[in-house]
Amino acid sequence: MANLFDYLDWRGDIPITADRLNDIDRMILAQLSYFDFSGFIEPSGDCFDTTFSVRELCEYISNPSHMAKFHMANDRQLADALAKSKRFSDILLKGPIEIVNSDREEQFAAVTALLPDNTAVCIFRGTDWSLIGWKEDLNMALSDHLPAQLDAIDYMKRLAQRHRGTIRVIGHSKGGNLAVYASAFAGEDLSRRIIEIINLDGPGFSRGVIESSEYKRIEPRIRTIIPQSSLVGVIFAHTGKFTIVSSSAPRLLQHDLYSWQVLGSSPLTLTERDSSSQFVESALNDWIQSLNNEQRERFISGVWSIFESVGATEITEILRGKNTLTLLSAMSHLDDETRSVITDTLAQLRKSVKSSLLTAMNKKSPSEFK
């Protein structure tokens, strides 16, 4: 089936002025936010003082002499395609920002695209490979107001001061969460200028956020797009319009935008998520709700102390087989109370999984579980 590269082959020579922004374009802009902006970030001053085109960014990161980092293997191919694309190459980008702060346990990045229709597209990056970024994701279970969320509000306010037109807000993964959060809490005057909020498979929020007046104000403009086996995009509470798209990848790998299938200028949509996604949503959210804040905090701190024993800075280092013995050794050296919290919490997860499985089996015919 076709993917966003096939779309660029088919529609890349047609400017947005001739064929308006669609969901495949939104996916591409969200993926572009993972590109390495370091060559365009001023060490001091306002990030919105910097303006460059998509072509300039793509040519910069594709130049081997610049030693740019690529988030996904396909990003290099996307950069090459966008640099040659009439649809994207001349779009101007402003406000590149990248923050990794271990003291605040924060990973935050964003960029703004200026479209020919005088709308600004505020694009929030999702979690990169930094260990701090993944720790911040876990902290979503502890707090409604994370450092990246607060920086997202500040970023949108600065954008609104520089741009007088309407605003679109887009993000993938954690970036989708930031897109919704910042749109809700950046202030009523700013929120009136937002014409759409697109959450691409990003986690939701606590009931406190969902039921707030600020969230309710922007709720009709929220649209969440998730793959059929979504795992990330069904964590915590969501409301608003949902679109389910087909993915060519298995299970967790469906989080990758490159795997989302397209049909013409639209994603290939489905009517419902598959049973595995519904099962995970039920099990994970039931498990999270079964823990109080103290249990969540101690569990996350304990698990993170094990990860830190490896001395890693990126999550990929944790997954390497050579670090397995170090992780097991760190687990054995935890104090009895912390080790007990981890084992008890995982036991509660097993209980939630069992309960959700029984519920799913009662709803589905036996043939669906073969």
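Arg11 and Asp19 form a salt bridge, with the closest N and O atoms 3.3 Å apart; by salt bridge I mean a side-chain nitrogen of Lys or Arg within 4 Å of a carboxyl oxygen of Asp or Glu. Asp19 is partly exposed at 24% relative accessibility; the classes are buried under 20% relative accessible area, exposed over 50%, and partly exposed in between, with a 1.4 Å probe and protein chains only.

This is a predicted model, where local features need pLDDT of at least 70, side-chain atom pairs count only at pLDDT 80 or more, and totals for chains, interfaces and linings use all residues. Residues are numbered from 1 along each chain as its sequence is written, and side-chain values use heavy atoms, with hydrogens and water left out.

The structure holds 18 salt bridges. In one of them, Arg162 meets Asp49 with the closest N and O atoms 2.7 Å apart. Arg162 sits in helix α6 (147-162) and Asp49 in the loop between α2 (23-32) and β1 (51-53), so the pair ties together parts 113 residues apart in sequence. Helices (H or I, at least four residues) and strands (E, at least two) are DSSP runs, numbered from the N terminus. Arg162 is partly exposed at 41%, while Asp49 is exposed at 53%.

Next, Arg55 and Asp90: the closest N and O atoms of this salt bridge are 2.8 Å apart. Arg55 belongs to helix α3 (54-62) and Asp90 to the loop between α4 (75-84) and β2 (92-101), 35 residues apart. Arg55 is partly exposed at 28%; Asp90 is exposed at 52%. Elsewhere, salt bridges with shared partners join Asp23, Arg26, Asp117, Arg168, Glu196 and Arg223 into one network.
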